Amino acid sequence: MPTRSPNPSELLHIARQIGVASGAKIVTLIGSKARGDAKFDSDTDFVLVFENHLAVTEITERLIQADTATLPRTYALDLIPIHESDYLEQNDPIAVAAHNE
């Protein structure tokens, strides 16, 4: 259970940490925090865009590194991976959200 929600400055710092730790090409905030309608207990959702050639096992390892880089934390964090082609072509509902929010 989160004890507080990150402010906009902290969200930017978190996104940078995630990008560096994971090697993602793009890190995008989505969900209620991106829309500005987050509640106290809302989680923090980031889409991480990875190169098309990366295998699921490599992406999984990178997500673990990104998650670890943000510890310790007082908020719930969801990291959602997507391949670059799906992101660019908006072939996935998550890709659409990442472009629209």
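Gln90 counts as partly exposed, because its relative accessibility is 35%; buried here means under 20% relative accessible area, exposed over 50%, and partly exposed in between, with a 1.4 Å probe and protein chains only. The model is predicted, so local features need pLDDT of at least 70 and side-chain atom pairs count only at pLDDT 80 or more, while totals for chains, interfaces and linings use all residues. Residues are numbered from 1 along each chain as its sequence is written, and side-chain values use heavy atoms, with hydrogens and water left out.

Gln90 sits in the loop between α4 (84-89) and α5 (93-100); helices (H or I, at least four residues) and strands (E, at least two) are DSSP runs numbered from the N terminus. The phi of Gln90 is near 50°, a positive value in a residue other than glycine.

Let me turn to α1. Its buried residues are Leu11, Ile14, Ala15, Ile18, Gly19 and Ser22. Seen down the helix axis, these fall within an arc of 135°, so they line one face of α1; the arc is that of the directions from the axis to the C-beta atoms. Which exposed residues does the face turned away from the buried side carry? They are Ser9, Arg16 and Val20.

The buried residues of α1 pack against β1 (26-30), α2 (32-35), β2 (44-50), α3 (56-69) and β3 (77-83), where contact means heavy atoms within 4.5 Å.

Just after α1, Gly23 takes a positive phi of about 75°.

Finally, the peptide bond from Leu71 to Pro72 is cis, with omega near -15°. Pro72 lies in the loop between α3 and β3.
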